[in-house]
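Thanks for coming. I will show one model and walk through it by chain, starting with a question. Please keep the sequence in view.

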Amino acid sequence: MADPILRLSGVSTDIAQYHILHGLDLEVPEGGVTMLLGRNGVGKTTTLRTVMGLWRARAGTITFEGRDITALPTPDIARAGIAYVPEDMGIFTDLTVEENMTLAAVSGPVDPDRLDWIFATFPPLRTFWRSAAGNLSGGQKQMLAIARAMAEERRLYLIDEPTKGLAPAIIATMAAALRALKAQGASILLVEQNFAVASMLGDSAAVMDDGRVVWAGAMAELAADSALQERLMGLSVERA
Amino acid sequence: MSAAPDHTPTMAARGLGERLAPWLPVLLVPALCLAGWLAIPSGSSWLTLTVSGLAMGMMIFIMASGLTLIFGLMDVINFGHGAFVSVGAFCGISVLLALGGWAGAPSLMLNLLAVLLAVCAAMLATGLMGWVFERVIVRPVYGAHLKQILVTMGGLIITEQLILAIWGPDAIFFSRPETLKGAITFAGAALEKYRLLAVAFGLILFLAMRGVLRTTRIGLIVRAGVENGEMVEALGYRLRRVFIGVFVAGSALAGLGGVMWGLYQEVITAHMGGETLVLVFIVVIIGGLGSVEGCFIGALMVGLMQNYVAFLEPKLALVSNIALMVAVLMWRPQGMVPVVKAK
């Protein structure tokens, strides 16, 4: 089996006096979508932020493409080839859509072909290209957040709940975008509460509880086993 | 799940009120000028006071612009900013006095050259001082506002004492370069040449700063960093380096403001930075923390208000700007041009 693109070994993270991650072990295979699942408050967002160096791991190691990135500053982690879309989208509302995209292309102007691809994926961004990002709707902001991550080719995408609070039509757009990214060979670690979306997009899955990964395997296996879902995530009520 | 829909969003037409809303703070400046014109009986007096107010506002803007960006980018409350004003004034005026032959000659070219060298010396000294200040005083207290206030205030006091030790305890009185003395008469009003120069220079500097912030990548990073520094870093930019650059540039601008303020007053003291700091903070607060445009508008309003009220009711001059700040904050608690900060 090929080496994973991202590996977290025994990672523990504290936020103030709270211990959030407790020796987390997680592997993200190269070239697929790995779903990070679990109830609210189990440490999914903390996991992504710890990988990005936005919160520091107290213990354990994080390796990306075989390189230890545990202690790297956040900008160096991003430049190593990891894109991050936070749960709150992290849009610069005072900047225009164009300026948001320009900023996302760290190494220079956005490649025109890539921009065309982004516009084809998210048509509203072309319409509101020169509008302040703060004036976009929630769905359009999420499109911009994903588009910004797509502005340059990255090896790994960390995306935190991209479908949260969105209408089904917009969720379909997001899913199409993520599939397009996956088709390009990118690896994606996706935190998602919508199990239907997770089932549709995920190749593999890791389920967290209390700051640890308690189950890891193929997404299809998890999707096919209702009892397992209920045991791991208490999904029976939500799916009723 | 169905295929992605074809989005064809449209822009809603905005009403007049909605379109005017972003310009309301800008309109306050002419509104204040109009109020002054109605309140001041003599047209020539009003014109003189308006130019004087605008000149004062421009100088405060130059001093305050760096401070607002420093706060916006890294949440650093720098009470030591006044130290750069004082040091800039003393370094710059010392150079000007050393170039007494050029400053005293009746030649515009030589006078401007002397001022330019004085300004360069002041900006160099305060830029360097800003770099040291950030490393030694500010860096250890990132994220701790109370400690920032205490330690930067301490930095201001130490700097003032150093100035007293180097330049002596007495205020230094001097004259402006020869061709910058006097006034021109326009519409019956005497308009001081230096004030007109300060207005023009301040305006050019504001436009240049705005241009850098709006059209360059570094400007884009600064604007984005003010709103959400964490996300800028997650995109791959080393915001700490940008901040050091902004801190140094802001310190140099404060030094420039110090020279201009000194030339305006024709006297410099070790405490001048601390004294102007009150006005500088008022401007930064009413402008909106982190907003250069807000800082510019706020500075003009403070300058105009101070001059009009000092003419109409001198006893109220001291409280007029505090009253202005209270009024603005009651209208817009985040300042006139609020910068949206990520939580």
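What covers the buried residues of α4(A)? The cover includes α3 (97-104), α5 (123-127), α6 (138-150), β7 and α7 of chain A. Helix α4 itself spans residues 112-121 of chain A, and its buried residues are A:Arg114, A:Leu115, A:Trp117, A:Ile118, A:Phe119 and A:Thr121. Buried here means under 20% relative accessible area, exposed means over 50%, and partly exposed is in between, with a 1.4 Å probe and protein chains only. Helices (H or I, at least four residues) and strands (E, at least two) are DSSP runs numbered from the N terminus.

Some conventions before I go on. This is a predicted model, in which local features need pLDDT of at least 70, side-chain atom pairs count only at pLDDT 80 or more, and totals for chains, interfaces and linings use all residues. Residues are numbered from 1 along each chain as its sequence is written, chains are lettered from A and ligands numbered from 1 in the order in which they are written, and side-chain values use heavy atoms, with hydrogens and water left out.

On confidence, chain A averages a pLDDT of 92, and 97% of the residues score at least 70; pLDDT is the predictor's confidence in each residue, from 0 to 100. Over residues 236-240 of chain A the pLDDT is below 50, and beyond near neighbours in sequence this stretch has four contacts in the model. A contact is a pair of heavy atoms within 4.5 Å. Where pLDDT is low, the predicted coordinates should not be read in detail.

Now the sheets of chain A. Six strands form an open sheet with the order β6-β7-β8-β3-β9-β10, and the pairing is mixed. At its edges are β6 (82-85) and β10 of chain A, each pairing on one side only. From one strand to the next the twist averages 15°. Two strands count as paired if DSSP finds at least two bridges between them. Angles run from 0 to 180 degrees between N-to-C directions, with axes fitted to C-alpha atoms, for helices over the stretch in contact.

Within that sheet, β7 (residues 156-160) and β8 (residues 187-191) of chain A pair in the parallel sense over five bridges, and A:Leu156 stands opposite A:Ser187 in β8(A). Strands β9 (residues 204-209) and β10 (residues 212-218) of chain A run antiparallel and are joined by six bridges. A:Ala205 has A:Gly217 as its bridge partner in β10(A). The two strands form a hairpin with two residues between them, and A:Asp210 in the turn has a positive phi of about 50°.

Helix α7 (residues 168-183) of chain A lies across β3 (33-37), β7 and β8, at about 150° to β8(A). Helix α10 (residues 226-233) of chain A lies across β3, β9 and β10, at about 160° to β10(A).

There is also an open sheet of four strands in chain A, in the order β2-β1-β4-β5, with antiparallel pairing. Strands β2 (18-28) and β5 (67-68) of chain A stand at the edges with a single partner strand each, so one side of each has no neighbour in the sheet. Six bridges join β1 (residues 6-15) to β4 (residues 57-64) of chain A, and A:Thr13 is bridged to A:Ala57 in β4(A). Helix α1 (residues 44-51) of chain A lies across β1, β2 and β4, at about 110° to β1(A).

In the loop between α1 and β4 of chain A is A:Leu54, which is buried at a relative accessible area of 15%. Leaving aside neighbours within four places in sequence, A:Leu54 is in contact with A:Arg49, A:Thr74, A:Tyr84 and B:Glu230.

Chain B has 13 helices and four strands. Buried residues make up 51% of its 343 residues. Of the contacts in chain B with a separation of 6 or more, 76% are between residues 24 or more positions apart.

Is B:Thr68 buried or exposed? B:Thr68 is buried, with a relative accessible area of 0%. Beyond four places in sequence, its contacts include B:Val284, B:Gly288 and B:Cys295.
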